[in-house]
Amino acid sequence: MELPLPGLWLKRLWVVFQVALHVAMGKVLMTFFPGRVKQDILAMSQKTGMAKNPHFSHENWIPTFFSAQYFWFVLKVRWQRLEDKTEEGGLAPNCPVVRLSGQRCNIWDFMQG
């Protein structure tokens, strides 16, 4: 496994700052304006279709926004996106995937069988 480029570390540091600021502001807004934050989150869920699922109750998932678990999940996703880049005409990134059996591999290995 090779070490990431120095520029990648700076990008990761910037992403940590952005996500931490987002979560902190969300916590503050949720504390002072809980009704408005709930209304905004429900409006977002209407766009994505999550609110239409009868198995999801907004009382169960709205409090998870801006939590420590939320912070780590968003950070992980944003860090993975930093490394997923391609150039026109170049090869696509060899992203990690999970088989239905639960086995982890890269997409190239998955395509090879």
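Q: Is Met25 buried, partly exposed or exposed?
A: Met25 is partly exposed, with a relative accessible area of 44%. Buried means under 20%, exposed over 50%, and partly exposed in between (1.4 Å probe, protein chains only). Bear in mind that this is a predicted model: local features need pLDDT of at least 70, side-chain atom pairs count only at pLDDT 80 or more, and totals for chains, interfaces and linings use all residues. Residues are numbered from 1 along each chain as its sequence is written, and side-chain values use heavy atoms, leaving out hydrogens and water.
Q: Where does Met25 sit?
A: In helix 1 (residues 6-32). Helices here are DSSP runs of H or I, at least four residues, numbered from the N terminus.
Q: OK, switching to Ser45. Buried or exposed?
A: Buried, at 1% relative accessibility. Ser45 is in helix 2 (residues 34-48).
Q: What does Ser45 touch?
A: Leaving aside residues up to four places away in sequence, Met50, Ala51 and Trp61. Contact means heavy atoms within 4.5 Å.
Q: And which backbone oxygen does the Ser45 side chain reach?
A: That of Leu42, at 2.7 Å.
Q: Last one, Phe66. Where is that?
A: Phe66 is in the loop between helix 3 (58-61) and helix 4 (68-83). Its phi is near 65 degrees, a positive value in a residue other than glycine.
Q: Buried or exposed, that Phe66?
A: Phe66 counts as buried, at 10% relative accessibility.

Methods:
Helix = DSSP H or I, 4+ residues; strand = E, 2+ residues; numbered from the N terminus. Polar contact = N/O pair within 3.5 Å; in protein donor to acceptor, adjacent residues only side chain to side chain.
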